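Dear colleague,

I am passing a structure on to you, and below it I have set out what was found when its atoms were examined. Please read the notes alongside the coordinates.

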Amino acid sequence: MKFIFRDDDCNFFTQFSQLESIYQHLWSRGIPICLSVVPSILSHPNLDSYGRPCNKRITKAQYRMCKYYPITNNKDLCNEINKYVRAGLIEIALHGYSHDVDEFDTSYVKTAELLKKGIKILHDAFPSAEISTFVAPYDILSTDSVKAIIESGLSICTSGKKLLNHGCDLHLNTIYGHKYNNLFRVSTRFILTSDSFLYYESLGVDKSLENFTTITLDSIESNNQILVCTNHYWQFFEYSSDFLEKWHRYTLLILQNPQIQITKYADLYSSLTGV
């Protein structure tokens, strides 16, 4: 079974020490992760589904300023990430533009504009990174946005359920010769669907990890999906003092299982070239 570690929401306000405490035990073993990076986080009072600011490191004063914070302005963070990018241990994905809720529920032209700005920021921040994948904030995409993203040369990883529920009318083509039922070809690019996160606040740490462990074991048995383990780095420090310890125990399940092949998005797409 192919398996991808991904962490969403890295942005100007991210502390690299937090990423390091979550993933250093993987990096030290040569295991790569994908960082899904917000190019220019917007400090405005959008609230998440629990009624809290979307980015908890933005102060109330910064929210009132309604200002964009490009990740390139945090030189220390970019320098640290670039060390791991160059070592092949961090893959960079484009995570929207400002992480606004509906920013990619929009027109083809507006999407193309946001992609151009976002990709430039990420290329400036991480010059040696190959950016092959787009991850929509909140998994919200219009059909026109999907088309613009694919035509820009990026593949997409998003919720299959939300893609359908949001009225996306794309005709997704299964890839002949491959057994994965959550990977589709659109033109010359791919859409990989992923509908599970590692952590859900409604479940808590223990039940979330139990739930995702079950998903992992079921995926190993069926061997017909590419499993993406999607984290949000800030959650490890919000909800439980022993979350990190329990996360490390879960990753041992992955590292010790010979049936699991940990990969990166770009390597996955390369393996499908010509199929």
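Is Asn 231 buried or exposed? With a relative accessible area of 2%, Asn 231 is buried, because anything under 20% is counted that way. Please bear in mind, here and throughout, that this is a predicted model.

Asn 231 lies in strand β11, and, once its neighbours within four places in sequence are set aside, its contacts are Arg 6, Asp 7, Asp 8, Tyr 23, Leu 198, Phe 236 and Trp 247. For Leu 198, the C-alpha to C-alpha distance from Asn 231 is 5.8 Å, although the two residues are 33 residues apart in sequence.

The strand pairing around β1 comes next. Strand β1, which covers residues 2-10, is mostly covered, with 9 of its 9 residues buried. It pairs in the parallel sense with strand β11 (residues 227-232) over 6 bridges, where Ile 4 has Val 228 as its bridge partner. Strand β1 also pairs in the parallel sense with strand β2 (residues 33-37), over 4 bridges, and in that pairing Asp 8 stands opposite Ser 36.

On the α7 side the contact is made by Val 205, Asp 206, Leu 209, Phe 212, Thr 213, Thr 216 and Leu 217, which meet Phe 243, Lys 246, Trp 247, Tyr 250, Leu 253 and Ile 254 in α8. Sorted by class, this contact of α7 with α8 has 9 nonpolar, 2 polar and 2 charged residues. Trp 247, one of the α8 residues that meet α7, is also among the contacts of Asn 231.

Helix α8 also holds Leu 252, which counts as partly exposed because its relative accessibility is 35%. The C-alpha atoms of Leu 252 and His 25 are separated by 10.0 Å, while the two residues are 227 residues apart along the chain.

With kind regards

Technical notes:
Residues numbered from 1 in each chain as written. Predicted model: local features only at pLDDT ≥ 70, side-chain atom pairs only at ≥ 80, totals over all residues. Heavy atoms only, no water. Contact = heavy atoms within 4.5 Å. Helix = DSSP H or I, 4+ residues; strand = E, 2+ residues; numbered from the N terminus. Nonpolar A, V, L, I, M, F, W, Y, C, P; charged D, E, K, R; others polar. Buried < 20%, exposed > 50% of the residue type's maximum accessible area, 1.4 Å probe, protein only. Pairing = 2+ DSSP bridges.
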